Amino acid sequence: MRDLSRLEALATAADVDVQFDAKLSSCTTYRIGGEADALVTVHSYQMLNHVIRALMDIEMPWVVLGKGSNVLASDDGYRGCVIRLGREFSRMQVEGSLITAGAAVPLAKLVNETLTQRLSGLESCAGIPGTVGGAVSMDAGSRHEWIGRSVHDVVTYRPGVGMQRYERHQIEWGYRWCSIPGDEIILEATFELKPSTREAIANEMNRRMARRRATQPIGKPCCGSVFRNPPDRSVGALIEDCGLKGYAVGGASVSTVHANFVVNNGNATAIDVVQVMNHVHDEVKERYGIDLTPEVKFLGFEG
Ligand SMILES: Cc1cc2nc3c(=O)[nH]c(=O)nc-3n(C[C@H](O)[C@H](O)[C@H](O)COP(=O)(O)OP(=O)(O)OC[C@H]3O[C@@H](n4cnc5c(N)ncnc54)[C@H](O)[C@@H]3O)c2cc1C
């Protein structure tokens, strides 16, 4: 058993909320998952530093989550600490065509701010759930546009070291990936945008939102796309061509609206989702020889 007294001691401090045996189903858009040993929401940089040092001392694994909109959490939960960023990381600041947003700012709020400021560049993020931290970490976007293109710089916390600042040219951006080290916590990002008209920005955002409404399941818990698109192929089309729309295991099924979404029909377990994904993977492999790679991040499945 791990000695959690260091975390218990922090629980009484200001600027932090600590919860033990926290339901991961409440931390993810899938609404699936057992309990994490601890869920810690830090509201200041100083407290983040304290918490990480305490976790390093007791050798407790940790993971940072935003809205958990790209995560499937295990039914057995996570033997570690989930960290969420709070108040100090929820601010936004505008300076000319630069917008700086804390990692905990909802992506939708940042996107709305670009409209208010008449700044173009993040229209492709309209309708993507999650936080700025999660979006930068995942290089969120559409197939041909992604958030990294508009990043000016990113500030992170490197555990045990301190703050790091990465200028745009120091970061590589890939398909749902960026080169910021996986153990660093994104604290804020600055976006360099282009002045435009409110009408042009709104039109583009509305177009993308309408497309989402027409092509994605609405109202069913999910994590968006479960697999990455193979080069030059649409994974949704491959899965649909295999006749897998509606394929179900327990409470999870391939969406009948978008074949790359596996939805929770209300009582899905993580194992249901994994079994649907395994079947889809195997069918696509058999028919097309393509080895699909998950886009969703798995939490608590190790070991
Ligand atoms: C209905 C629906 C539609 C979606 N559509 C799209 C889409 O069109 N395009 C797209 O790209 N994605 C899409 N997604 C997936 C998801 O919304 C994005 O990946 C989003 O950017 C994840 O943000 P989050 O804050 O929820 O991150 P989380 O899901 O909480 O975390 C995702 C990853 O980022 C890491 N992370 C989170 N915050 C930080 C931080 N501060 N520092 C370091 N690492 C961090 C986590 O550890 C994890 O590895 C969709 C999801 C849903 C549910």
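1. The ligand is surrounded by 31 residues, and the closest are Gly66, Gly130, Gly133, Gly134 and Gly224. A residue is near a molecule if its C-beta atom, placed from the backbone, lies within 6 Å of it. The model is a predicted one: local features need pLDDT of at least 70, side-chain atom pairs count only at pLDDT 80 or more, and totals for chains, interfaces and linings use all residues. Residue numbers start from 1 along each chain as its sequence is written.

2. Strand S3 (62-64), helix H4 (132-138) and strand S13 (185-192) each supply at least two residues of the shell around the ligand. Helix H4 gives the most, with five residues. Helices (H or I, at least four residues) and strands (E, at least two) are DSSP runs, numbered from the N terminus.

3. By class, the shell around the ligand holds 15 nonpolar, 14 polar and two charged residues. Here Ala, Val, Leu, Ile, Met, Phe, Trp, Tyr, Cys and Pro count as nonpolar, Asp, Glu, Lys and Arg as charged, and the others, Gly among them, as polar.

4. Glycine 66 lies in the loop between S3 and strand S4 (71-73). Glycine 66 is buried, because 26 other C-beta atoms lie within 10 Å. The cut-offs, with C-beta atoms placed from the backbone, are 20 or more other C-beta atoms within 10 Å for buried, 12 or fewer for exposed, and partly exposed in between. Leaving out residues up to four places away in sequence, glycine 66 touches Gly130, Thr131, Gly133 and Gly134; contact requires C-beta atoms, placed from the backbone, within 7 Å. Threonine 28 is 38 residues from glycine 66 along the chain, and their C-alpha atoms are separated by 8.9 Å.

5. An open sheet is formed by five strands in the order S6-S7-S13-S9-S10, with antiparallel pairing. Its edge strands, strand S6 (92-95) and S10, each pair on one side only. Neighbouring strands of this sheet are turned by 15° against each other on average, direction ignored. Axes are lines fitted to C-alpha atoms, for helices over the stretch in contact, and angles run from 0 to 180 degrees between N-to-C directions. Helix H3 (residues 107-116) packs on the sheet and touches S6 and S7, its direction making about 160° with that of S7.

6. Two strands pair if DSSP finds at least two bridges between them. Strand S7 (residues 98-102) is joined to S13 by five bridges, with threonine 100 facing threonine 190 and glycine 102 facing glutamate 188. Strand S9 (residues 151-158) and S13 pair over six bridges; valine 155 stands opposite glutamate 188, and valine 151 opposite phenylalanine 191. Six of the eight residues of S13 are buried, so this strand is largely enclosed by the rest of the structure.

7. S9 is also joined to strand S10 (residues 162-167) by six bridges, running antiparallel. On this side valine 155 stands opposite arginine 165. The hairpin of S9 and S10 has three residues between the strands, and glycine 160 takes a positive phi near 80° there.

8. The largest nonpolar core has 85 residues, of which Leu72, Cys125, Val132, Ala135, Val136, Val262 and Val273 touch the most other members. Helix H7 (residues 270-288) gives the most to this core, with seven residues. Such a core is a set of buried Ala, Val, Leu, Ile, Met, Phe, Trp, Tyr and Cys residues joined through C-beta atoms within 7 Å. Beyond neighbours within four places in sequence, the contacts of valine 262 include Cys222, Val226, Val273 and Met277.

Technical notes: Contact = placed C-beta atoms within 7 Å.
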